[in-house]
Amino acid sequence: MVFTTRAFVTFFTIIDPVGLAPVFIALTAHLNEAQRRAVITRAILISAAIIALFALVGRFLLDRLGITLYAFNMAGGALLFLVAVEMLFGRSPGTRRTAAEEEEAMTREDISVFPLAIPMIAGPGTIATTILYVDQALPDPFRLFSVAAAIATSLLTAWIVMRHSSWIMEHIGRTGILVLSRILGILLAALAIQFILNGLLTFIHTSGLLR
């Protein structure tokens with residue numbers, strides 16, 4: 001139950017569906033309603049495909065590159081902590097988009113791949129989180145189902161938020177979204193530190209430093 005709760009909280013926070021609302025409105029201001037719906041659906045499907053790919057081959061890639069899991073735990077935790085800090089201080093997430101990428105996105109006709117799917121939804125933080133949780137879940141089928149459900153729920157929430165982004169901005173406002181992002185940022189920071197501690201503990205045990 002604890003693992004399932006952590007998975008849901010982590011994926012919901014790292015994908016940050018509510019935070020997508022103002023970004024989506026800004027990027028699709030020139031589109032009509034039908035075009036917006038098409039962009040939303042494509043972005044979610046592409047994101048799901050990317051996440052599923054890394055869920056399946058992520059550990060294989062780490063093994064081929066000679067990267068230990070505890071090293072990836074610490075690297076993933078550090079990356080998530082950077083995202084959490086940006087959320088807490090209300091900064092534009094540098095781990096997702098650069099200023100040049102943001103300017104380019106405003107002039108692109110199809111924004112479903114970039115920047116919505118990559119890197120806004122299925123960015124480095126999401127990919128790292130997916131690999132970490134899938135590895136922690138193996139070989140327990142219930143845990144694997146929990147991870148899949150957490151990802152699917154977060155993506156579905158992102159779809160709903162973007163679909164109703166105008167209504168959300170009208171009733172919650174940018175301030176409300178920032179407040180929620182800060183609350184989620186605190187949770188993500190704690191989870192990120194836990195990833196780092198888990199990596200350190202695994203390294204200590206496997207290297208025999210406590211002997």
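A salt bridge is a side-chain nitrogen of Lys or Arg within 4 Å of a carboxyl oxygen of Asp or Glu. This is a predicted model, in which local features need pLDDT of at least 70 and side-chain atom pairs count only at pLDDT 80 or more, while totals for chains, interfaces and linings use all residues. Residues are numbered from 1 along each chain as its sequence is written, and side-chain values use heavy atoms, with hydrogens and water left out.

**The whole chain**

Begin with the whole chain in a cartoon view. Its secondary structure comes to 10 helices and 0 strands. Helices (H or I, at least four residues) and strands (E, at least two) are DSSP runs, numbered from the N terminus. Of the 211 residues of the chain, 43% count as buried. Buried means under 20% relative accessible area, exposed over 50%, and partly exposed in between (1.4 Å probe, protein chains only).

**The salt bridges**

How many salt bridges does a search of the whole structure find? The search finds 3.

Select Arg59, Asp63 and Asp135, which are linked in a network of salt bridges. Asp63 forms a salt bridge with Arg59, and their closest N and O atoms are 3.4 Å apart. Because Asp63 and Arg59 are 4 residues apart in helix H3, about one helical turn separates them. Asp63 is partly exposed, with a relative accessible area of 39%.

Stay on Arg59 and turn to its other partner: the side chains of Asp135 and Arg59 meet in a salt bridge (2.1 Å, N to O). This pair links distant parts of the chain, with Asp135 in helix H7 (residues 124-137) and Arg59 in helix H3, 76 residues apart. Is Asp135 buried or exposed? Asp135 counts as buried, because its relative accessibility is 17%. Arg59, by contrast, is partly exposed, with a relative accessible area of 37%.

Next, select Glu33 and Arg163, whose side chains also meet in a salt bridge (2.9 Å, N to O). Here too the pair links distant parts of the chain: Glu33 is in helix H3, Arg163 is in helix H8, and they are 130 residues apart. Glu33 counts as partly exposed at 39% relative accessibility, and Arg163 is partly exposed with a relative accessible area of 26%.

**A nonpolar patch on the surface**

Select Leu53, Leu56, Val57, Phe60 and Leu61, and display the surface. These residues form a nonpolar patch with about 480 Å² of accessible area together. Patches are made of residues with over 30% relative accessible area and no salt bridge; like charges are joined within 9 Å, and nonpolar side chains (Val, Leu, Ile, Met, Phe, Trp, Tyr) within 5 Å. Accessible areas come from the Shrake-Rupley method with a 1.4 Å probe, and for residues only the protein chains shown count as cover. Leu56 counts as exposed because its relative accessibility is 72%.

**The second largest pocket**

H8 gives the most, with 6 residues.

Most residues other than glycine have a negative phi, and most peptide bonds are trans. Select Phe114 and Pro115: the peptide bond from Phe114 to Pro115 is cis, with omega near 10 degrees. Pro115 is found in helix H6 (residues 112-121). Move on to Leu138 and Pro139, which a cis peptide bond joins, with omega about -5 degrees. Pro139 is found in the loop between H7 and H8.

Finally, select Asp16, in the loop between helix H1 (2-15) and helix H2 (20-27). Asp16 has a positive phi of about 50 degrees although it is not a glycine. Asp16 is buried, with a relative accessible area of 8%.
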